[in-house]
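Visitor: I would like to learn how to read a protein model. Could you take me through one, feature by feature?

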Amino acid sequence: MKTAELALAGKRVLIVEDELLVALMIEDFLTDFGCTTIGPCATVETALQAVETESLDLALLDVNLSGERVYPVAEALAERHIPFLFLSGYGEEAIPPGHSDWKVCAKPFRGSELAGMLCAVMGAAVT
């Protein structure tokens with residue numbers, strides 16, 4: 001197992017994704033990394049509830065949830081100092097103005113890319 005994947009072992013990760021097959025693929029990656037997954041949440045409302053009630057180490061956020069932007073969830077996570085990563089086909093354009101510190105992993109992605117980016121947002125050293 002690579003350093004990035006080892007750094008993720010035991011982390012509780014919220015999945016916010018409205019496409020079931022994509023959510024299942026993400027869940028498989030995270031399970032392979034040794035993470036515990038929370039969700040998937042398919043709406044901003046259910047994701048906000050999870051942020052308020054669950055113990056979380058990280059979150060993966062699809063930017064567009066059936067036409068609704070996920071930014072309120074990102075704001076709630078930022079307020080709680082919980083690292084998160086956007087997943088988006090929009091690339092860097094998915095990040096709203098004024099939030100250049102927010103990071104995005106472009107879809108499609110490989111598990112190794114996801115692991116590396118999650119570690120980067122956690123601030124973990126990855127080799």
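**Reading the model, step by step**

Guide: This is a predicted model, where local features need pLDDT of at least 70, side-chain atom pairs count only at pLDDT 80 or more, and totals for chains, interfaces and linings use all residues. Residues are numbered from 1 along each chain as its sequence is written, and side-chain values use heavy atoms, with hydrogens and water left out.

Visitor: What are helices and strands here?

Guide: They are DSSP runs: helices are H or I with at least four residues, strands are E with at least two, and numbering starts from the N terminus. Take helix α2, residues 20-32. It has 13 residues. From its first C-alpha to its last it reaches 18 Å, close to the 18 Å expected at 1.5 Å a residue. The expected span is 1.5 Å times one less than the number of residues.

Visitor: Which residues of α2 are buried?

Guide: First the general idea. An α-helix has 3.6 residues a turn, so residues three or four places apart point the same way. Next the cut-offs: buried is under 20% relative accessible area, exposed is over 50%, and partly exposed is in between (1.4 Å probe, protein chains only). In α2 the buried residues are Ala23, Ile26, Phe29 and Leu30. They cover an arc of only 120 degrees around the axis, so they sit on the same side of α2. The arc is taken from the directions from the helix axis to the C-beta atoms. On the other side of α2, Leu20, Leu21 and Asp32 are exposed.

Visitor: What do the buried residues of α2 pack against?

Guide: They pack against β1 (12-16), β2, β3 (58-62), β6 and α5. Contact means heavy atoms within 4.5 Å. After α2 comes Gly34, with a positive phi near 90 degrees.

Visitor: Which residues have a positive phi although they are not glycine?

Guide: Ser66 is one, with a phi of about 50 degrees. Ser66 lies in the loop between β4 (64-65) and β5 (68-69), and is exposed at 65% relative accessible area. His81 is another, at about 60 degrees. The place of His81 is the loop between α4 (71-79) and β6 (84-88), and His81 is exposed at 71%.

Visitor: Where are the cis peptide bonds?

Guide: One runs from Gly39 to Pro40, with omega near 15 degrees. Pro40 is in strand β2, residues 36-41. Another runs from Lys107 to Pro108, with omega near -5 degrees. Pro108 is in the loop between β7 (104-106) and α5 (111-122).

Visitor: How are two packed helices described?

Guide: By the angle between their axes and the distance between the axes. Axes are lines fitted to C-alpha atoms, for helices over the stretch in contact, and angles run from 0 to 180 degrees between N-to-C directions. Helix α3 (residues 44-53) packs with α4 at about 10 degrees, with the axes 9 Å apart. That makes α3 roughly parallel to α4. The cut-offs are under 35 degrees for roughly parallel, over 145 for roughly antiparallel, 65 to 115 for roughly perpendicular, and oblique for the rest.

Visitor: Which residues make the contact?

Guide: Val44, Ala47, Leu48 and Val51 of α3 meet Pro72, Val73, Ala76 and Leu77 of α4. By class, this contact of α3 with α4 has eight nonpolar, no polar and no charged residues. Nonpolar covers Ala, Val, Leu, Ile, Met, Phe, Trp, Tyr, Cys and Pro; charged covers Asp, Glu, Lys and Arg; the others, Gly among them, are polar.
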